[in-house]
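Morning, everyone. Please have the model open while I talk. I'll keep this quick.

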Amino acid sequence: METSIWQEYNQEEVITIGIINTNSQNQLNTFVQENSITFPILYDPGSPGGVQGGNTYNDYYMPNDGSPYPRDFIVDQDGIIQYANNEIDFEWMLYVIDELLGYDYILGDINFDSSIDILDIVLIVNIILDVFNPSELQMSASDLNQDQMVNILDIVQVVNIILD
Ligand SMILES: [Ca+2]
Ligand SMILES: [Ca+2]
């Protein structure tokens, strides 16, 4: 959550918050410290602590679907829940967020300037050499043959697009 979402997205576009079912500031501090969390963690009002949930727990309780703690939710711009999962699945979460943000990309356009040229090749080379740390979207745009890997084969395809 910390690195894949909170640090990845502009905070004006995606707000990341954690909600914790404790009323102990010490417990909260320990959790934040142990997990190196920098996004805001909020209390669940009405929670008496322990494993008991509060108002948020009740609001997000899904009958016959286990405890809403811990669970990841994605709420869209209109306040509608678009994703709820009590197993961590970042790939799916990132997909949902990108869809909601209306992000789209052209395969091979790594710097998102709407053209495929030498600058994009340089970026792919840098990704392969591990000297450039791409976003998820840039990884997807770099994987031209869609084999979930970015390597020389993808460079060959970009070169072919440019030469065409
Ligand atoms: Ca480009
Ligand atoms: Ca590839």
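Contact first: two residues are in contact if their C-beta atoms, placed from the backbone, lie within 7 Å. On that basis, Val158 touches Gly108, Ile116, Asp120, Ile121, Ile124 and Leu144, leaving out residues up to four places away in sequence.

Some housekeeping. This is a predicted model: local features need pLDDT of at least 70, side-chain atom pairs count only at pLDDT 80 or more, and totals for chains, interfaces and linings use all residues. Residues are numbered from 1 along each chain as its sequence is written, while chains are lettered from A and ligands numbered from 1 in the order in which they are written.

Now the helices, which are DSSP runs of H or I, at least four residues, numbered from the N terminus. How do H5 and H7 cross? H5 (residues 118–128) and H7 (residues 152–163) come within 10 Å and cross at roughly 180°. So H5 and H7 are roughly antiparallel, a label for angles over 145 degrees.

Who meets whom? Asp120, Ile121, Ile124 and Val125 in H5 meet Asp154, Ile155, Val158 and Val159 in H7. That contact has 6 nonpolar, no polar and 2 charged residues. Nonpolar here means Ala, Val, Leu, Ile, Met, Phe, Trp, Tyr, Cys and Pro; charged means Asp, Glu, Lys and Arg; the others, Gly among them, are polar.

Last, the domains, with bounds from an automatic or database domain assignment. Domain 1 covers 2–101 and domain 2 covers 118–163. Their centres, taken over C-alpha atoms, are 33 Å apart.

Conventions
Axes are lines fitted to C-alpha atoms, for helices over the stretch in contact, and angles run from 0 to 180 degrees between N-to-C directions. Helices (H or I, at least four residues) and strands (E, at least two) are DSSP runs, numbered from the N terminus. Angles under 35 degrees count as roughly parallel, over 145 as roughly antiparallel, 65 to 115 as roughly perpendicular and the rest as oblique.
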